[in-house]
Amino acid sequence: MAPRAVVAAAAMAAVLVLALAAPAIAIDFGEEDLASEDALWALYERWRGLHAVARDLGDKARRFNVFRENVRLIHEFNKGDAPYKLRLNRFGDMTADEFRRAYAGSRIAHHRMFRGERKQGAGFRYAGARDLPPSVDWRQKGAVTDVKDQGQCGSCWAFSTIAAVEGINAIKTKNLTSLSEQQLVDCDTTSNAGCNGGLMDYAFQYIAKHGGVAAEDAYPYRARQGKCKKSGAAPAVVTIDGYEDVPANDEQALKKAVAHQPVAVAIEASGSHFQFYSEGVFAGSAARSWTTAWRRWGTA
C-alpha cells in the first residue's frame with residue numbers, strides 16, 4: 001500500500017492552461033473548402049471517412065447543416081488573435097447542446113448545491129507558500145498519466161479525482177500508477193451518480209473511507225455504470241488521508257496548490273469553443289455553471 005497523502009481540489013471558472021498529451025485526430029481545411037456547397041460536402045465526406053461516422057440518408061442532410069456551421073465557426077475564430085486555437089475534430093457534426101449532454105454532463109454545480117457551502121476557516125496547507133516557480137508542468141515531473149477518454153458517460157468527476165490522486169501518489173512515492181475511474185463510477189454511489197454526474201469531493205471522501213482505490217489494470221474503464229466489484233477482486237493500491245478545497249475565486253491560492261501537486265478542477269465546458277479546442281491557453285468566457293471536471297497539472 002502506498003503512503004497516504006492529501007489531495008487538493010478547486011472549483012472555479014477561470015483561464016486554464018490546457019495541454020493534451022496526444023492531440024485529437026483533426027482535419028485541416030482552408031478557404032477553398034468553404035468556397036462552395038460542393039466543396040463543403042467534399043470536406044464533410046472526408047471528415048466522415050476519417051472518423052468512420054455513418055449517417056442514414058434522412059439524417060445526413062441535417063448533420064451536414066450542423067457541420068457547415070461548425071466549420072465556419074472554427075475558420076472565422078482562427079483568423080483572430082486569441083491565445084488558443086480550434087480544430088475540426090470528431091465532434092464536427094454535433095451541436096453544442098449535443099456535445100454538452102454527451103461529454104460535459106457531470107452536473108458539477110448541481111451536486112455542489114447539495115453539498116452546501118465550504119466551512120469557514122477550513123485549512124489550506126499551502127497558504128504560506130512563497131517563492132513560487134514561474135511555471136510548472138507535472139507531466140515533465142512524471143506525475144501525470146496519459147490522457148484518458150471518458151466516452152459518452154458523465155464521469156469526468158471520477159477522472160478528475162483519480163488524476164489528482166495519481167499525481168500526489170507519484171510525487172510521494174516516485175511511482176506513477178494508473179488508477180481506476182471505473183471503481184468510482186460503480187461503487188461511489190451514495191452521493192455521486194456514475195455516468196449521470198458527480199462531485200470530486202465525494203469521490204475523495206469515498207477513497208479515504210474505503211481504504212483506497214484499485215489499479216486501472218485490475219478494474220478497467222467501461223464508460224457505463226455497473227456492479228461494484230468486491231475489494232478482493234480489485235484490491236486497493238493507493239489511498240489518501242483526505243483532501244482540501246483550494247479557496248474559491250483565489251487564483252493565487254490555486255497557483256500555490258498547483259506548484260506543489262496536480263489539482264482537480266471544475267470548469268464550464270459546454271460551449272462550441274471548448275468542443276473544438278485544440279491548443280493554447282483556453283480563455284473562453286467564464287460562467288457560473290460548472291459542467292465538467294478536469295485535472296490541472298501546470299501553470300505558465
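What covers the buried residues of α2? In this predicted model, the cover includes α1 (37-51), β3 (84-86), α3 (96-103) and α9 (272-275). The residues of α2 that are buried are Asp59, Lys60, Arg63, Phe64, Val66, Phe67, Arg68, Asn70, Val71, Ile74, His75 and Phe77.

Helix α2 spans residues 57-78, which amounts to 22 residues. From its first C-alpha to its last, α2 reaches 32 Å, close to the 32 Å expected at 1.5 Å a residue. The N-terminal end of α2 is capped by Asp56, a side-chain oxygen of which lies 3.1 Å from the backbone nitrogen of Gly58.

Apart from neighbours within four places in sequence, the residues in contact with Ala257 are Phe124, Tyr126, Val246 and Val263. Asp245 lies 12 residues from Ala257 along the chain, and the C-alpha atoms of the two are separated by 9.9 Å.

Over the whole chain, nine helices and 11 strands are assigned. Of the 300 residues, 49% are buried. The accessible surface comes to about 14700 Å², and carbon and sulfur atoms account for 49% of that surface. Among contacts between residues at least 6 apart in sequence, 78% join residues at least 24 apart.

Terms used:
Residues numbered from 1 in each chain as written. Predicted model: local features only at pLDDT ≥ 70, side-chain atom pairs only at ≥ 80, totals over all residues. Heavy atoms only, no water. Contact = heavy atoms within 4.5 Å. Helix = DSSP H or I, 4+ residues; strand = E, 2+ residues; numbered from the N terminus. Expected span 1.5 Å × (residues − 1). Buried < 20%, exposed > 50% of the residue type's maximum accessible area, 1.4 Å probe, protein only. Polar contact = N/O pair within 3.5 Å; in protein donor to acceptor, adjacent residues only side chain to side chain. Areas by Shrake-Rupley, 256 points an atom, 1.4 Å probe, with all protein chains shown as cover.
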